[in-house]
Amino acid sequence: KHHATPDNAKEVMQAALQPLPDTMDVDPAKVALGDKLFHDTRLSKDNTISCASCHALDKGGTDQLPFSVGVGGKTGDINAPTVFNSAFQFIHFWDGRAADLEEQADGPVNNPIEMASNWEEATAKLSQDGAFTQEFLAVYPDGYKKENFVDAIAEFERTLITPAPFDAFLKGDQAALDEQQKKGYELFNSLGCYTCHTGVILGGKSFELMGLRGDYFGDRGDVIKRDYGRFNFTNDEYDRFRLKVPTLRNIAQTFPYLHDSTVKTLEEAVDIMAKYQTGKTITKEENQLL
């Protein structure tokens, strides 16, 4: 009911993992405008940072840095998630503080360690650009305002879907994956990885306890506010250390791994997840299959 991808066979619709849709229903004019805004550094206080600075489309929708660099060289303390396939995240940010893509798009512009600006400042700069203003008004006749900015950016982000051979495999094409990949998929399922990395983007559908089967933070040696995850938004003790499950789409490109960026390689990430989330030690061969 919640995860099924329309227009697929019944057995596909009932599976835990779902193929990405081939297209998204979007407004092309809004997408074109959102594309420009996504890459426009004038949204930042000093005209140096755009959405694409931290979510580069040639780097898996991330910046491949431990922590993103904002205005004045300021950095956060949590890894920037990929923008690819973000339309399928049920809510946004590691702690889920943004309910939709529009609310997410509003955050970085106003964040003092990211773009360090606001929509009024961005409007003052963009309104001096006659050609851009004409294009903006053609899409949004009521002019520059936050709701229109975030609507356009979100519409562009909805187009950032990345179908892969795995989708063809999920739809029934057995030749889409090689034998090693098929074995890895079987192991992924037998270990129960799909219970958290589920749906169309293999994640992005729930908050899970980091360290379900082992003391991840105790072994790491410290705990700071970002590690509290969903708790930082809800103040519900149940949510402490629960983080939104990241997507596995394009995972080879979205290093470093984990919310704290402590893991550089996919192999190490697989071992950590096996240990702390499934309570199992896997062999090197199983690691490579996964």
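The following paragraphs go through several helices, then some individual residues, and finally some backbone details.

This is a predicted model, in which local features need pLDDT of at least 70 and side-chain atom pairs count only at pLDDT 80 or more, while totals for chains, interfaces and linings use all residues. Residues are numbered from 1 along each chain as its sequence is written, and side-chain values use heavy atoms, with hydrogens and water left out.

Some terms are needed at the outset. Helices (H or I, at least four residues) and strands (E, at least two) are DSSP runs, numbered from the N terminus. A residue is called buried under 20% relative accessible area, exposed over 50%, and partly exposed in between, with a 1.4 Å probe and protein chains only.

Helix H2 spans residues 28–38. Its N-terminal end is capped by Asp27, a side-chain oxygen of which lies 2.9 Å from the backbone nitrogen of Ala29. Such a polar contact is a pair of N or O atoms within 3.5 Å; within protein, one must be able to donate a hydrogen and the other to accept it, and residues adjacent in sequence count only if both atoms are side-chain atoms. The buried residues of H2 are Val31, Leu33, Gly34, Leu37 and Phe38. The elements that cover them include H3, H5, H6 and H7.

How do H2 and H7 pack against each other? The angle between them is about 100 degrees, and their axes are 7 Å apart. Here axes are lines fitted to C-alpha atoms, for helices over the stretch in contact, and angles run from 0 to 180 degrees between N-to-C directions. H2 and H7 are therefore roughly perpendicular to each other; angles under 35 degrees count as roughly parallel, over 145 as roughly antiparallel, 65 to 115 as roughly perpendicular and the rest as oblique. Among the H2 residues that meet H7 are Val31, Leu33 and Phe38, and the H7 residues that they meet include Phe149, Ile153 and Phe156. Contact means heavy atoms within 4.5 Å.

Helix H4 (residues 101–110) also packs against H7, at an angle of about 115 degrees and with the axes 8 Å apart. That makes H4 roughly perpendicular to H7. The crossing of H4 and H7 is right-handed: a crossing is left-handed if the near helix is turned anticlockwise from the far one by less than a right angle, and right-handed if clockwise. On the H4 side, Leu101, Glu102, Gln104, Ala105 and Asp106 take part, meeting Lys146, Val150, Asp151, Ile153, Ala154 and Glu157 in H7.

In helix H6 (residues 130–139), Phe132, Thr133 and Phe136 are buried. They cover an arc of only 100 degrees around the axis, which puts them on the same side of H6; the arc is that of the directions from the helix axis to the C-beta atoms. Gly130, Ala131, Gln134 and Ala138, on the other side of H6, are exposed. The buried residues of H6 pack against H2, helix H5 (119–126) and helix H7 (146–157). At the start of H6, the backbone nitrogen of Ala131 has a side-chain oxygen of Asp129 within 3.3 Å.

Individual residues come next. Ser50 is found in the loop between H2 and helix H3 (51–54) and, at 5% relative accessibility, counts as buried. Its side chain reaches the backbone nitrogen of Ala52 at 3.2 Å. Leaving aside neighbours within four places in sequence, Ser50 is in contact with Phe38, His39, Asp40, Thr41 and Met115.

Glu208 lies in strand E1 (residues 207–209) and is partly exposed, at 25% relative accessibility. A polar contact of 2.8 Å joins its side chain to that of Ser206. With neighbours within four places in sequence left aside, Glu208 is in contact with Cys196, Phe241, Arg242, Leu243 and Val245.

Some backbone details remain. Most residues other than glycine have a negative phi, and most peptide bonds are trans. Asn47, in the loop between H2 and H3, has a positive phi near 65 degrees. Gln64, in the loop between H3 and H4, has a positive phi of about 55 degrees. The peptide bond from Phe255 to Pro256 is cis, with omega near -10 degrees. Pro256 is found in the loop between strand E2 (242–244) and helix H12 (266–278).
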